[in-house]
Amino acid sequence: MNHEPVLLKESIDFLITDKQGIYFDGTAGFGGHSEEILTRLNDKGKLIATDKDQSAFEYCREKFSGDRRFSVYHTGFTNIDSISKIEFIDQFDGILADLGVSSFQLDTVESGFTFREDAPLDLRMNKSEGLSASDLLNKFSQEEIAGILFELGEEKNSRSIAKKIAEFRLTEKFSRTSQLKKIIELVTPERFWNKTLSRVFQALRIYVNNELEELKIFIDKSVSLLKPGGKLVILSYHSLEDRIVKEKIKYESLSCVCPSGMPVCVCGKIPRMKLITRKPVTPDDAEVVKNRRSRSAKMRVAEKV
Ligand SMILES: C[S@@+](CC[C@H](N)C(=O)[O-])C[C@H]1O[C@@H](n2cnc3c(N)ncnc32)[C@H](O)[C@@H]1O
C-alpha cells in the first residue's frame, strides 16, 4: 500500500509520554503512524485505532494481526467514547488524528476520490453510510450546491458551476466523476481547471463525510478523554480544518470567556488544555520534496491540564 506518513517523527515524539500508556489513532489509514506508535510502546502499552474506510480498516487489521497491543475499529473517530467503553478504558495517554484522505484513496480509481480518471462520483470514506456526491448533485437545489462549493471549497465561481450542474441534470443523472469534470471545464478557463476541480471535489468530500462537524465532536470528546499531561496531536490539510483545530484548542486553553469590559470574571471557565505549539508545525523542505502531498500539512499539539 502506498501512503507516506506525514510529520511522522515529530508527531509521535509529541504524542508518546509513557511507553506503557494507552493511545488512540483516529485515522489509522495504512498504519504509518500506528506502526511508529507501536514501535515506541513496550509490551504493556496499547493502541486503539479507527478508520471509516473499509480497505484501510482491513489493511491495518491484517498488518498488526499478531500484535495483541493493537485493536482497530471500522468506524468514525467520533465514536472514541463508545470504543473506550468497549475497551474498558477511562482515559488515554495520547490521541492522534491525521485528517483527510490517504494517498491510497487518492490513487485508487475505484475509491472515486480523484478527478484525474473516470470513476463513480461517490467521495464517501465509508461507502455504506450517508449520501454520495452524485446523490448530492442529483438532489440538492442549485442554491444549496452553490453554497457548499463556496463555503467548503472557497470556490468563487460556485454560482455558475451550480447553474451548469442544475442544467445538466435536467437530461442526465450524475453518477461519474467525468460528468462533473466536463461541467467544470465548460465554465472555467483552462488554466484554472485543476485548481477548480480540486476545490469542487474537496467541498463535496467535506460535505458528504460531514468532516468539519465530526472534527469538532472528536476534539470535544478527546479533551474529556485525555489523562492530565496527555497530548492531543492533530494534522490537518486545509485551512477550514486547521481553523477549527486552532480555535477549539484556543477556547479550551482560556481561563476566562467573559465579554470584554466585564469588571470581574463571572464565567467560571476552567482551562482544560495547554497549547504546546504556538504556531503549527509544518514539514521541512526535505519532506515536501520526498512527499509532495505533505506540503499543505499543519500540525497542532495541546496538552491536557
Ligand atoms: C491521511 S490518512 C491517514 C494516514 C495514516 N496516518 C498513515 O500514516 O497511514 C486519513 C485516513 O483517515 C480516515 N478518516 C478520515 N476521516 C475519518 C473519520 N472521521 N473517522 C475515521 N477515519 C477517518 C480516512 O479514511 C483515511 O484512511
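## A network of salt bridges

Lys9, Asp13, Glu36 and Arg40 are joined in a network of salt bridges, a salt bridge being a side-chain nitrogen of Lys or Arg within 4 Å of a carboxyl oxygen of Asp or Glu. In total, the structure contains 21 salt bridges.

The structure is a predicted model, in which local features need pLDDT of at least 70 and side-chain atom pairs count only at pLDDT 80 or more, while totals for chains, interfaces and linings use all residues. Residues are numbered from 1 along each chain as its sequence is written, and side-chain values use heavy atoms, with hydrogens and water left out.

## A link between distant parts of the chain

Glutamate 4 and lysine 290 form a salt bridge through their side chains, at 3.4 Å from N to O. This pair connects distant parts of the chain, 286 residues apart: glutamate 4 belongs to the segment before α1 (8-15), and lysine 290 to helix α13 (residues 285-290). Helices (H or I, at least four residues) and strands (E, at least two) are DSSP runs, numbered from the N terminus.

Glutamate 4 is partly exposed, with a relative accessibility of 38%, whereas lysine 290, at 66%, is exposed. Here buried means under 20% relative accessible area, exposed means over 50%, and partly exposed lies in between (1.4 Å probe, protein chains only).

## A pair within helix α8

Glutamate 167 and lysine 163 also form a salt bridge, and their closest N and O atoms are 3.6 Å apart. Because the two residues are four residues apart in helix α8 (residues 158-168), about one helical turn separates them. Glutamate 167 is partly exposed, at 37% relative accessible area; lysine 163 is likewise partly exposed, at 46%.

## A buried pair joining helix and strand

In the salt bridge between aspartate 242 and arginine 300, the closest N and O atoms lie 2.7 Å apart. Aspartate 242 is in helix α12 (residues 239-253) and arginine 300 is in strand β7 (residues 298-304), so the pair ties together parts 58 residues apart in sequence. Both aspartate 242 and arginine 300 are buried.

Leaving aside residues up to four places away in sequence, lysine 304 is in contact (heavy atoms within 4.5 Å) with Val223, Ser224, Leu226, Lys227, Pro228, Gly229, Gly230, Arg272 and Met273. The C-alpha atoms of lysine 304 and leucine 232 are 7.8 Å apart in space, although the two residues are 72 residues apart in sequence.
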